[in-house]
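The sequence and the structure are shown first.

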Amino acid sequence: MRLRRAPETPEETPAAAPRALRRALPPPAHLRRERRALLQVRERRLRDLGGLLVEMYRRDQFRQELLVDRCDELAKLEERLAELDTLLTAAASRGRVRDAARCECGAPIFWGAKFCGQCGREVGAA
Ligand SMILES: [Zn+2]
């Protein structure tokens, strides 16, 4: 059986993508929550799709457009998951940079600051 893919809909132009990435990152906790929820939905959809396929086999009645629709949904879901992974990676690397810049007292030091806002120590003096 050959599955025909639905005709591609024009996605966002490549020029729009870099600007979208420069927007403020949502909090990592939100991203992780969405990712977890999506993974669950994906597992469920995959199981349903398998069940649907077996049911069609039993009835010897394949409804191709139904299968293509379900696969389309799954592909979109996985696209969003990949996007979330990218955002989480970006958030993680940003967190590492921020963690590196800390005063002896433990307070975070803002980029370009000369003194600690918490204890007044000169940054980099120690
Ligand atoms: Zn300090």
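Buried means under 20% relative accessible area, exposed means over 50%, and partly exposed lies in between (1.4 Å probe, protein chains only). The model is predicted: local features need pLDDT of at least 70, side-chain atom pairs count only at pLDDT 80 or more, and totals for chains, interfaces and linings use all residues. Residues are numbered from 1 along each chain as its sequence is written, and side-chain values use heavy atoms, with hydrogens and water left out.

The zinc ion is coordinated at 2.2 to 2.4 Å by the SG atoms of Cys 103, Cys 105, Cys 116 and Cys 119. Donors are N, O and S atoms within 2.8 Å of the metal (3.2 Å for Na, K and Ca); water is not among the atoms, so sites may look incomplete. The angles among the 4 donor atoms are 106 to 115 degrees, and the site is tetrahedral (four donors with all angles between 85 and 135 degrees). The donor residues follow the spacing C-x1-C-x10-C-x2-C. Cys 103 and Cys 119, 16 residues apart, both lie in the segment after helix H3 (64–100); helices are DSSP runs (H or I, at least four residues) numbered from the N terminus. The count of disulfides, pairs of cysteine sulfur atoms within 2.5 Å, is 0.

| Residue | Relative accessible area | Class |
|---|---|---|
| Cys 103 | 10% | buried |
| Cys 119 | 39% | partly exposed |
| Phe 62 | 39% | partly exposed |

Phe 62 is located in the loop between helix H2 (28–59) and H3.

How values were computed. Four donors count as tetrahedral if all angles lie between 85 and 135 degrees; four count as square planar and six as octahedral if opposite donors are over 155 degrees apart and all others between 65 and 115; anything else is irregular. Helices (H or I, at least four residues) and strands (E, at least two) are DSSP runs, numbered from the N terminus.
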